[in-house]
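Okay, thanks for making time, everyone.

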Amino acid sequence: MLGTEARPLRIAIIGAGPAGFYTAEALLKQKDLVCSIDFFNRFPTPFGLVREGVAPDHQSIKAVTRIYDRIAQNPQVRYFGNITFGTDIHHETLKRFYDQIVYAVGAQADRRMGIAGEDLNGSFPATAFVGWYNGHPDYQDMEFDLSHPRAVVIGNGNVAIDVARILVSSPDELAKTDIADTALAKLRESKVREVVMLGRRGPAQAAFTNAEIKELGVLEDVNPIVDSADLELDEHSVIALAEDKVATKNVDTLRSFAARTEHNGTRNIRLRFLVSPMEILGHGGKVTAVTVEKNHLVMDENGGLRARGTGTFETFDAGLVLRSVGYRGVPLEGVPFDEISYKIPNIAGRVIHATSGDPHEGEYVVGWAKRGPTGVIGTNKPDAVSTVVSMMEDRAHLPGIADENRNPALIETILKERKPDYVTYSDWKVLDTHEITRGQKQDRPRVKVTRVPEMLTVINEG
Ligand code: NAP
């Protein structure tokens, strides 16, 4: 059987974010399982959205990397960074060397809104802005024009709150974090004084969570502004709220904002509800305003509450629009993909063909690629555990790879040929120490290196 001293289970995990690390943790906890785990990660740097998604002013959330660090240093685990699946290493190669492959690739694109003006200069997915301020190498050449006093953020989730907050936060406060230096410099010059956040449904349907909305009330120099008329709930929302503690607390917080009579800060976050963006307007190819239609809520056939337009419109002048309407998965070479849900189709984490439903033996999925872009970092832990249950059930009957391919050194030989500048975990620790040391000089948790060639230089010189 696979997973014994005679035939140790060889596992590849694609993606070294939270979902990948919780998968490795659950595997390492299996009693009587003899296994070795190899991570393949696109960037030299591990930790996925903890590094590239979690807001820089939420450092405490990043403490979770200590657990991932311990997992990565387990002798059964290896890390191959700077390796892109589908480019540097292919599906067919991994199938030769691993009994089980786990896709932990997250959801790397943004959802489109399908409205006119979405592609004007100045209209961006919030995911790009998040990547930019977090030092994600893909977004370091982005130019966000912060010269207009108003920005509009579309969406009512925690990412919308993150980007709205960063846009109006005091740069001196941000300077104490690990925000990317280029973003910090631009934010210091920012003329944005008001962020209007647009929710298409009402306050009782907002997707953000209690701590995140509450935080807008304690930001230095920032007024959270809500019109109490926006908080008058329809009868269906009143009923729904009675059974939803998170939504009840959100509405309570919003009511406390609406009750404020003094707005002493120099910056505003204005929360608007029941408005759908209809068009992003522009001049000379550049965003100038957003037109919204006011909505009311109607019950759909499933008992859910949907926004329906009332035929009344309003326009907000703005120089920047960040569309924060959710992330979207992207297909991987050789791996099934559901083009409607943007997920890797699966049953209990076992990858299946998108239309026939046939199993892809020995292939698994965890995290956002499995369930869609929902939940907080910790949600990935039980999610990974449930996929590992499937993996352990399967090892009894999986044929596994040929025994002559079981030697862990073989994949290293291939990588050395195809991508000699791949990065090991000890290489990452060199870069990690470099970033932390730079940070200490400025009283910051770290100063990030944001470009891959520079990361490799630091590693080579370390
Ligand atoms: P999300 O929670 O799914 O929120 C998406 C928002 O976009 C919803 O308010 C949704 O409204 C709205 N929306 C969707 N399509 C729209 C359209 N066409 N027009 C207008 N609005 C539209 O997604 P997210 O904010 O990207 O966050 C992803 C996940 O990461 C969430 O689980 C979130 O909690 C988590 N996260 C957590 C933290 C934290 O814990 N601090 C920080 C960031 C992210 P409807 O409800 O009407 O569809």
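I'll start with the ligand, then go on to the core and finish with a few single residues.

Quick housekeeping before that. This is a predicted model, so local features need pLDDT of at least 70 and side-chain atom pairs count only at pLDDT 80 or more, while totals for chains, interfaces and linings use all residues. Residues are numbered from 1 along each chain as its sequence is written, and side-chain values use heavy atoms, with hydrogens and water left out.

Which residues come nearest to it? Out of 22 residues around the ligand, those are N158, R200, R201, E212 and G375. "Near" here means that one of a residue's heavy atoms lies within 4 Å of the molecule or strand in question. If you sort the shell by type, you get nine nonpolar, eight polar and five charged residues. For that sorting, Ala, Val, Leu, Ile, Met, Phe, Trp, Tyr, Cys and Pro count as nonpolar, Asp, Glu, Lys and Arg as charged, and the others, Gly among them, as polar.

Now some atom-to-atom distances. On the backbone side, a polar backbone atom of N156 sits 3.0 Å from an oxygen atom of the ligand, and a backbone N or O atom of V159 is 3.1 Å from an oxygen atom of the ligand. On the side-chain side, E212 has an N or O atom 2.9 Å from a nitrogen atom of the ligand. Taken alone, the ligand exposes 920 Å², and the protein buries 81% of that. Those areas come from the Shrake-Rupley method with a 1.4 Å probe, and for residues only the protein chains shown count as cover.

Where does the ligand lie relative to the domains? Domain 1 (9-108 + 328-423) and domain 2 (112-325) both give residues to the shell, so the ligand lies between them. The domain bounds come from an automatic or database domain assignment.

Helix 6, residues 158-168, is the element that gives the most to that shell, with three residues. Helices (H or I, at least four residues) and strands (E, at least two) are DSSP runs, numbered from the N terminus. Nine of the 11 residues of helix 6 are buried, so the helix is largely enclosed by the rest of the structure. The buried ones are A160, I161, D162, V163, A164, R165, I166, L167 and V168. Buried means under 20% relative accessible area, exposed means over 50%, and partly exposed is in between (1.4 Å probe, protein chains only).

The largest nonpolar core has 48 residues, and Y133 and L322 touch the most other members. Helix 6 turns up again here, giving the most to this core with seven residues. Both domain 1 (9-108 + 328-423) and domain 2 (112-325) supply at least three residues each. By nonpolar core I mean a set of buried Ala, Val, Leu, Ile, Met, Phe, Trp, Tyr and Cys residues joined through side-chain atoms within 4.5 Å. As for Y133, you'll find that residue in helix 5 (residues 126-133), and at 0% relative accessibility Y133 counts as buried.

On to a pair I'd like you to look at. H91 is in helix 4 (residues 91-97), and E363 is in strand 18 (residues 359-365). Are these two buried or exposed? E363 is buried at 2% relative accessible area, and H91 counts as buried too, at 15%. Their side chains are joined by a polar contact of 3.1 Å. A polar contact is a pair of N or O atoms within 3.5 Å; within protein, one must be able to donate a hydrogen and the other to accept it, and residues adjacent in sequence count only if both atoms are side-chain atoms.

Next, Y22 in helix 1. Y22 is buried, at 6% relative accessibility. Y22 and A384 are 362 residues apart in sequence, yet 5.8 Å apart in space, C-alpha to C-alpha.

Last, two backbone angles. L274, in the loop between strand 10 (267-272) and strand 11 (275-283), has a phi near 55 degrees, which is a positive value in a residue other than glycine. Y342 also has a positive phi, near 60 degrees. Y342 sits in the loop between strand 15 (327-328) and strand 16 (346-347) and is partly exposed, with a relative accessible area of 31%.
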